[in-house]
Amino acid sequence: MKKAIIAGAMLLLAGCSTTIDTTYYQLPAGSSTVRVASSAGSSQPMLWVEHVNVPDYLAGNGLVYQTSDVKYVIATNNLWASPLDQQLQQTLIANLSQALPGRVVAASPHGEGYDTLNVSVSGFQGRYDGRVVVSGEWLLQHQDQLIKRSFSVTLPQNEDGYDALVRTLAAGWQQTAQQIADSVASLN
């Protein structure tokens, strides 16, 4: 009798303990092409992407979904593979490098006379109405000028699921990079 009760309890516990898989996501880069800067005598202007900042609610591991105008849910099993601010900086550098072929775009300064870009992201989430939001502002120091612009990209998420969410967020981030590149290109 005791063995039957123990076996029944074990089966009950085994049935209650379902395993939920954790999935990790990485933003796809805009281009797989890598440009290598020419030698030290290069006259290519440089753009240093110094920081990409995200607010605390985006700085955690979980992808964020906005469920109403005031409520946000942070996923516990659908996580960023590496910190979001690092992914945003890396993909921004790749996208700007592709959009600005006459410039060296890097995560650290080299030489003298470079421009400095800082980006503050305020929104990077899916939304209850089937759209994705990428918003914030950027600040560019070009010579003695400071140029500050806001950005707000809202795109439809054409498919359900986290894979589609991440791809749509990446598309919004790529559009933001193109907006920044257009502004930088107009300075020359």
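This is a predicted model: local features need pLDDT of at least 70, side-chain atom pairs count only at pLDDT 80 or more; totals for chains, interfaces and linings use all residues.
Figure 1. Contact means heavy atoms within 4.5 Å. Residues are numbered from 1 along each chain as its sequence is written, and side-chain values use heavy atoms, with hydrogens and water left out. Local features need pLDDT of at least 70 and side-chain atom pairs count only at pLDDT 80 or more, while totals for chains, interfaces and linings use all residues.

**Figure 2. The largest nonpolar core.** This core has 38 residues. Those with the most contacts inside it are Leu92, Leu96, Leu117, Val119, Val121, Phe124 and Trp173. The elements that each give two or more residues are β2 (46-53), β3 (62-66), α3 (84-99), β6 (115-127), β7 (131-142), β8 (145-156) and α4 (162-185). The largest share, 9 residues, comes from α4. A nonpolar core is a set of buried Ala, Val, Leu, Ile, Met, Phe, Trp, Tyr and Cys residues joined through side-chain atoms within 4.5 Å. Buried means under 20% relative accessible area, exposed over 50%, and partly exposed in between (1.4 Å probe, protein chains only). In soluble globular proteins, nonpolar side chains tend to be buried together.

**Figure 3. Thr176 in helix α4.** Thr176 lies in α4. Thr176 is buried, with a relative accessible area of 1%. Leaving aside neighbours within four places in sequence, Thr176 is in contact with Val134, Phe151 and Val153. Helices (H or I, at least four residues) and strands (E, at least two) are DSSP runs, numbered from the N terminus.

**Figure 4. Helix α3.** The 16 residues of α3 should span 22 Å at 1.5 Å a residue. The end C-alpha atoms of α3 are 22 Å apart, which agrees. The expected span is 1.5 Å times one less than the number of residues. Buried residues of α3 include Leu84, Leu88, Leu92 and Leu96, and also Gln87, Gln89 and Asn95.

**Figure 5. A nonpolar surface patch.** Tyr65, Val73 and Tyr128 make a patch of about 260 Å². Val73 is found in strand β4 (residues 72-80). Val73 is partly exposed, with a relative accessible area of 36%. Nonpolar side chains (Val, Leu, Ile, Met, Phe, Trp, Tyr) are joined within 5 Å, like charges within 9 Å. Accessible areas come from the Shrake-Rupley method with a 1.4 Å probe; for residues, only the protein chains shown count as cover.

Terms used. Patches are made of residues with over 30% relative accessible area and no salt bridge: like charges are joined within 9 Å, nonpolar side chains (Val, Leu, Ile, Met, Phe, Trp, Tyr) within 5 Å. A salt bridge is a side-chain nitrogen of Lys or Arg within 4 Å of a carboxyl oxygen of Asp or Glu.
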